[in-house]
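Try each task before you read its solution.

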Amino acid sequence: MKLRARLPLPPCHMIDLGGFCILLECPDEEEEEGKEASLSVDGLINSVPWYKTVGSLGLWDVSLIDVVVISSPMGILGLPILTRNSNFSAKIYATEVTTKIGQLMMEDLVTMHEEALQFFGPGEEFKYPEWMTWNELEKYPQVIRTIVMGNVAEELGSWFPCTGIYVSKAEIDECIKKVQTAKYAEECCYNSSLIFKAFSSGLEIGGANWTIHCPGSSVTYLTSSIFKSATAMEFNYHDLQGNDFILFSDFSSFNDAGMSNSEKEPLDEPSSIADRSWKKINFISSCVVETAKGGGSVLIPIGRLGIILQLLEVISQALEALELKVPMYIISSAAEEMLALANVFPEWVSSERQQKVHTSPFHVVLGTSLFGHAELTKESKLQFFPVIHSPDFMQAWQEPCIVFSPHWSLRLGPAVHLLRRWHADENCLLILESGVDADVALSPFMPIAMKVLRCSFLSGLPIRKVHPLLEFLKSKHILFPEDLRPHVPLREGASFLYYSENRTMAAPNPSDGVEADLSIDLARQLRPRRMLQETMAISRLKGKLQLSYGRHLLAPTKAPSDLPAKRLLWGPVDRSLLLHSLAEKGIIESSVEQDDGGRCRIFVQDGDRRAVVELGAAPAVIAAADERLAALLHEALCSASDGI
């Protein structure tokens, strides 16, 4: 197996397994911008938005890709770049929920981009931007140049206009039609050679880890995972056990990489980090309520579905407890349908949420909801609006209010307009998720007086759980990020292979031989013969080797023919049995000589016919002038040897 990695968030990998080229994730790259940069408004790029994908994605020979595997909605956003290429013919696998949420996210980006074009003008969409020329790039601060070009200008070709990725919602629909959706634990077979299975990662509703099986090898693709989730189905790590390779691709472990690797937590104990995550949700809710009590509005541009579902429930409960009537708005063309998915697919949510379905068999008739936003919508406490400039929104607008709206970058969507309105109000509150550089994101809105709350949510395995998990999965080889090497100790019995970005790594073949199943029809043709040592029985057969569902299969030929009569011999010859067999055939005049090299010569005489039989480490040799005597000696040799 060969691996090549690209490590934005989410990561992207290309592996060569069993002669097939498999692309793991096709994201629209999230760039983690400079963390110590001080930018002014003059240092920013004022232009129609362009979008960054995985480095050199547009330069790949897509005809060489056989399979694309998607684990999360973020990993599907760059897929239209591939599917619009006429040379692309790969099979695409993703879970049903991931596919639908990814489609809605892409359509929402198209809507927000169309709104941006109303400001810059539609003609700007098709122009090569001046800010991408060398002369202009040299004028910008170093942090901007690094975001645009990378460290050595290798990422300059990774930028596309919106029309370079998402031409229209119709093209997005065509892209999604090429995705083969799967349920958890459902087998997806490619070319009778590869078997793909998705298992819950616990990170988001529909999020998945994958296992890939091919003849002679198996891989666990381990992405960002959460053991206990308040919204999504729990992390199913039991079905990931025992594969030859683990491709560890959970880079959220960087967030707590400072933790000592000696502080390990057993897998069956709930993580304290999960408890802290729930406390963060409650803390955010208290800040929102305090802001509303003080007459300020709240803007929450967070894009993770699970976090939004939790915040809606906790904030609404806190408002109701204090008898505060503060309207909540969600401004997004895709949000209403996206949140509705959480109630449409109960089999994808956490076990606690599923209990609502099990305790109410008639939940569809009675209107039982898995999440609280459905009741909030019915009671008009939560209202959805596709765009900010609609007449219905203007009529319903009240302040103070709580608004959930994209985009987290603060460069697109309703969040830009609301920040323009509230940035100078010290009573208002902006909630940003970690990973977004607040200085860079808020530069266009400076000076800013509103309060900014930065928060991080559990987005993967804590470092203390990594080592116990790898011990439980019991794989022969672990492909692990080089940057995480100091934080996870080596496990006995496993080989750690460390990979780095943009470097191809070859992994060893886990199996020297080939295992094959035997078809029933061919098994009926077997005529086993017990060997002399009587420890096993063997038989000859004639068939053809086939591939079926990732395993080799020996099947009978269409036109079966008799096996050749010639017997196959192996192993040492029992000299006493040979002499006994010769005596039974009437050949009693024989003598034995043995040299220092271990070879034995048996001189045979039958009347005037003579022959010599040589035995030793090399194959047995019969030397005789008479063919009939040679045939008798061969029969005796067969009776004293193992063979079929």
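Predicted model: local features only at pLDDT ≥ 70, side-chain atom pairs only at ≥ 80, totals over all residues.

Residues are numbered from 1 along each chain as its sequence is written, and side-chain values use heavy atoms, without hydrogens and water.

**Exercise 1.** Find which residues line the largest cavity.

*Solution.* 
- Step 1: A cavity is a set of points on a 1 Å grid over the protein atoms alone where a 1.4 Å probe fits but cannot get out; lining residues have an atom within 4 Å of a point.
- Step 2: One cavity of 30 Å³ or more is present, and the largest cavity has a volume of about 50 Å³ (the space filled by probe spheres set on the points, which are joined across faces, edges and corners).
- Step 3: Its lining includes D108, T111, M112, E115, I331 and P414.
- Step 4: Helix α2 (residues 96–120) gives the largest share, four residues; helices (H or I, at least four residues) and strands (E, at least two) are DSSP runs, numbered from the N terminus.

**Exercise 2.** State the strand order of the open sheet of seven strands, and its edge strands.

*Solution.* 
- Step 1: The order reads β9-β10-β11-β12-β13-β20-β21, with mixed pairing; two strands pair if DSSP finds at least two bridges between them.
- Step 2: β9 (188–190) and β21 (495–499) each pair on one side only, as edge strands.
- Step 3: Inside this order, β13 (residues 245–248) and β20 (residues 477–481) pair in the parallel sense over three bridges, and F245 has H477 in β20 as its bridge partner.

Definitions and conventions
1 Å grid on protein atoms, 1.4 Å probe; cavity = no way out; pocket = protein on both sides within 12 Å on 5 of 7 lines; lining within 4 Å.
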